[in-house]
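Please go through the fold and a few residues of this protein chain.

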Amino acid sequence: IATLRKLYHNVMRIATFYDKILKKRIYMQLLEFKELLKKAGMNKKDFSEIAKISYGTVNSWGVEGRAEIPEWVRPFLSNHAEVKKLEKIRKILNDE
């Protein structure tokens, strides 16, 4: 019985450690996603419309126990932010 208790304790400790790592990773992804949205000058609703994804899907990204944020989102938002910058520069040059 002592061996089973020790085994149970070790399993629970590993599960708790894994849970903490997973939550931290998801939270960090969610913060990065929000920061990228901000840099691109949009919110989740705008992003869902541009990317042609349901708002419910986008809104569930990064939430604990739900979907992780897809890898393609980072370059998509980064490119969108760069295009917005270039559009501003082009507008300034055209106004001169």
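The questions and answers below concern a predicted model.

Q: How many helices and strands does the protein chain have, and in what order do the elements run?
A: The secondary structure has zero strands and four helices. Read from the N terminus, the order of the elements is α-α-α-α.

Q: What share of the residues in the protein chain is buried?
A: Buried means under 20% relative accessible area. The protein chain has 96 residues, and the buried share of them is 21%.

Q: What share of the accessible surface of the protein chain belongs to carbon and sulfur atoms?
A: The accessible surface comes to about 7800 Å². The part that belongs to carbon and sulfur atoms is 60%.

Q: Is leucine 4 buried or exposed?
A: Leucine 4 lies in helix α1, which covers residues 2-40. The cut-off for exposed is over 50% relative accessible area. Because leucine 4 has 59% relative accessibility, it counts as exposed.

Q: Which residues form a nonpolar patch on the surface?
A: The patch has about 300 Å² of accessible area together. Its members are Leu4, Leu7 and Val11.

Q: Is glutamine 29 buried or exposed?
A: Glutamine 29 is placed in helix α1. Buried requires a value under 20%. The relative accessibility of glutamine 29 is 18%, so this residue counts as buried.

Q: Which residues does glutamine 29 touch, not counting residues up to four places away in sequence?
A: Contact means heavy atoms within 4.5 Å. With residues up to four places away in sequence left out, glutamine 29 touches Glu68 and Ile69.

Conventions: Residues are numbered from 1 along each chain as its sequence is written. This is a predicted model: local features need pLDDT of at least 70, side-chain atom pairs count only at pLDDT 80 or more; totals for chains, interfaces and linings use all residues. Side-chain values use heavy atoms; hydrogens and water are left out. Patches are made of residues with over 30% relative accessible area and no salt bridge: like charges are joined within 9 Å, nonpolar side chains (Val, Leu, Ile, Met, Phe, Trp, Tyr) within 5 Å. Accessible areas come from the Shrake-Rupley method with a 1.4 Å probe; for residues, only the protein chains shown count as cover. A salt bridge is a side-chain nitrogen of Lys or Arg within 4 Å of a carboxyl oxygen of Asp or Glu. Helices (H or I, at least four residues) and strands (E, at least two) are DSSP runs, numbered from the N terminus. Buried means under 20% relative accessible area, exposed over 50%, partly exposed in between (1.4 Å probe, protein chains only).
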